[in-house]
Amino acid sequence: MSKFKAIEVRPSGGKNIAEVFWEDGHVSRFHTIWLRCNCRCSVCCRTIVGQALVERSKLSCQLLVSEATIHDEGAKINFKLAPETDHVTVMTSDWLRSACYCDACISEMLDEREMKFHLPSESQLPVAEFEQLDTDKGMFEFIGKVFDRGFVVVKNVPRENGAVVQAGKKMAPIIETIYGTIFDVFDNQSTENVANTAIGLPFHMDQCAYEAAPGIQLLHAIEFDDVVEGGNSLLVDMFHVIDILRKQSPDDFRVLSRVPIAYATIDYNRRDPAHVIHRKPIILLDYDDKVVGYSWNPGTEQTLRVHEDDVEPFYRAYVKLQKLIDDPKNQFKFRLRSGDMLVLHNRRMAHSRDAYKTNGGHRRLQGTYVNIEDLRSKYVVLGRKLNRPVVAPKIGNCSSI
């Protein structure tokens with residue numbers, strides 16, 4: 001049974017637009033070329049992923065509505081589009097209404113995918129049990145919490161080398177970077193990476209130098225002895241502080257969404273020499289002017305090289321955003337315990353660490369990354385399987401949907 005019913009169709013705009021009036025009072029406007037390209041008839045509608053059955057290069061961009069008829073008590077609409085004479089464009093009402101591109105429907109589509117912000121002062125630490133990852137229900141609820149809160153601390157993970165990779169594989173495919181598929185984080189006086197020292201770390205996104213930074217980071221505390229002083233985890237929701245900047249200083253927000261800076265890992269002396277570099281704005285916007293991504297890593301930023309008129313505006317805006325990041329009220333702060341695993345939304349949350357002293361104890365973490373698109377796919381698929389359907393959330397991958 002059709003959820004939506006069309007009650008009237010009228011040509012508009014010189015007949016190159018069809019206005020569809022719906023039983024619930026909504027009115028949609030569809031361009032004729034759009035209707036033809038998206039025809040749902042048995043010849044045009046793909047049935048296999050990857051099919052492209054409408055030869056668009058052969059279509060006229062001057063199509064006009066010559067006839068529109070409603071069938072099956074409003075559940076289907078047939079369009080005849082001149083000058084075509086040998087084709088009827090078919091639309092089911094449910095599909096057509098779901099694809100309405102009026103401003104209100106696009107806003108609804110984007111709003112239901114938006115991130116919800118949680119104030120550190122009003123939020124409890126999001127946690128999950130490791131055994132939860134072994135059931136569909138547990139995994140579904142765990143992933144939902146990761147996307148909602150931006151991070152989750154998984155408790156009681158086996159304190160074994162490589163356990164972080166095995167945990168990651170339960171979630172989504174492992175991503176390999178210049179640091180391999182698994183990396184250790186402990187004080188070995190490294191000159192390759194500041195994370196392998198005991199000094200504090202600036203807030204940052206991991207792997208900004210890549211065109212697409214890894215989406216989900218896992219950090220497993222194999223050893224974190226009670227005698228270790230410091231070493232606390234700190235997180236900031238970058239989408240939240242960017243939203244604050246946009247409201248408080250819209251001009252500075254625009255500067256950081258326009259002026260690029262490069263990030264790089266260039267080291268020919270490391271065990272596996274690397275030259276990875278990428279130039280992009282700190283704030284990424286999409287067609288609808290929505291924030292869809294960010295980059296932030298003062299430790300891998302390169303020298304700013306932009307047009308002269310942009311230098312001072314960039315640094316003024318940068319300082320304002322830095323102050324929001326450094327404001328304690330925007331920071332989540334907690335201490336991992338041995339056996340804890342931090343699952344972090346790297347494309348949303350900038351992370352940091354206090355300096356620490358081992359005092360004769362040990363602090364050793366192992367980390368890996370998993371693919372965020374595959375994790376979101378699992379979330380949606382599990383929702384359908386469990387009869388708990390969800391909308392695919394925005395995940396900071398340069399897209400609002």
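Mentor: Keep in mind that this is a predicted model. Start at Leu321: apart from neighbours within four places in sequence, Leu321 is in contact with Met238, Val241, Ile242, Leu245, Leu256, Ile282 and Trp296.

Trainee: OK, and which residues touch the most other members of the largest nonpolar core?
Mentor: Leu321 again, along with Met238, Ile282, Trp296 and Phe314. That core has 37 residues.

Trainee: Which elements give two or more residues to it?
Mentor: The helices are α6 (238–248), α7 (250–258) and α8 (308–326). The strands are β14 (233–237), β15 (260–267), β16 (274–281) and β18 (291–294).

Trainee: And what does the second, separate core include?
Mentor: That one has 28 residues, among them Ile143, Leu218, Tyr379 and Leu382.

Trainee: Back to α6 and α7. At what angle do their axes cross?
Mentor: Roughly 125°, and the axes come within 5 Å.

Trainee: Which residues make the contact?
Mentor: From α6, Ile242, Leu245, Arg246, Lys247 and Gln248; from α7, Pro250, Asp252, Phe253, Arg254 and Leu256. By type, the residues of this contact are five nonpolar, one polar and four charged.

Trainee: What about α4 and α9, how do their axes run?
Mentor: Helix α4 (residues 136–149) and helix α9 (residues 372–385) have axes that come within 9 Å and cross at roughly 130°. That makes α4 oblique to α9. The crossing is left-handed.

Trainee: Which side chains are involved, or rather, which residues make that contact?
Mentor: On the α4 side, Asp136, Met139, Phe140, Ile143, Gly144 and Phe147. On the α9 side, Ile372, Leu375, Arg376, Lys378, Tyr379, Leu382, Gly383 and Lys385. They divide into eight nonpolar, two polar and four charged.

Trainee: Different topic. Is Arg36 buried or exposed?
Mentor: Buried. Its relative accessible area is 8%, and the cut-off for buried is under 20%. Arg36 sits in helix α1 (residues 32–37).

Trainee: What is Arg36 in contact with?
Mentor: Leaving out neighbours within four places in sequence, Cys44, Val54, Leu59, Leu63, Leu81, Glu84, His87 and Thr89.

Trainee: Last one: Val49, buried or exposed?
Mentor: Exposed, at a relative accessible area of 85%. Val49 lies in the loop between α1 and β4 (64–71).

Trainee: How far apart are Val49 and Gly168?
Mentor: 28 Å in space, C-alpha to C-alpha, and 119 residues in sequence.

Definitions and conventions:
Residues are numbered from 1 along each chain as its sequence is written. This is a predicted model: local features need pLDDT of at least 70, side-chain atom pairs count only at pLDDT 80 or more; totals for chains, interfaces and linings use all residues. Side-chain values use heavy atoms; hydrogens and water are left out. Axes are lines fitted to C-alpha atoms, for helices over the stretch in contact, and angles run from 0 to 180 degrees between N-to-C directions. Helices (H or I, at least four residues) and strands (E, at least two) are DSSP runs, numbered from the N terminus. Angles under 35 degrees count as roughly parallel, over 145 as roughly antiparallel, 65 to 115 as roughly perpendicular and the rest as oblique. A crossing is left-handed if the near helix is turned anticlockwise from the far one by less than a right angle, and right-handed if clockwise. Contact means heavy atoms within 4.5 Å. Ala, Val, Leu, Ile, Met, Phe, Trp, Tyr, Cys and Pro count as nonpolar, Asp, Glu, Lys and Arg as charged, and the others, Gly among them, as polar. Buried means under 20% relative accessible area, exposed over 50%, partly exposed in between (1.4 Å probe, protein chains only). A nonpolar core is a set of buried Ala, Val, Leu, Ile, Met, Phe, Trp, Tyr and Cys residues joined through side-chain atoms within 4.5 Å.
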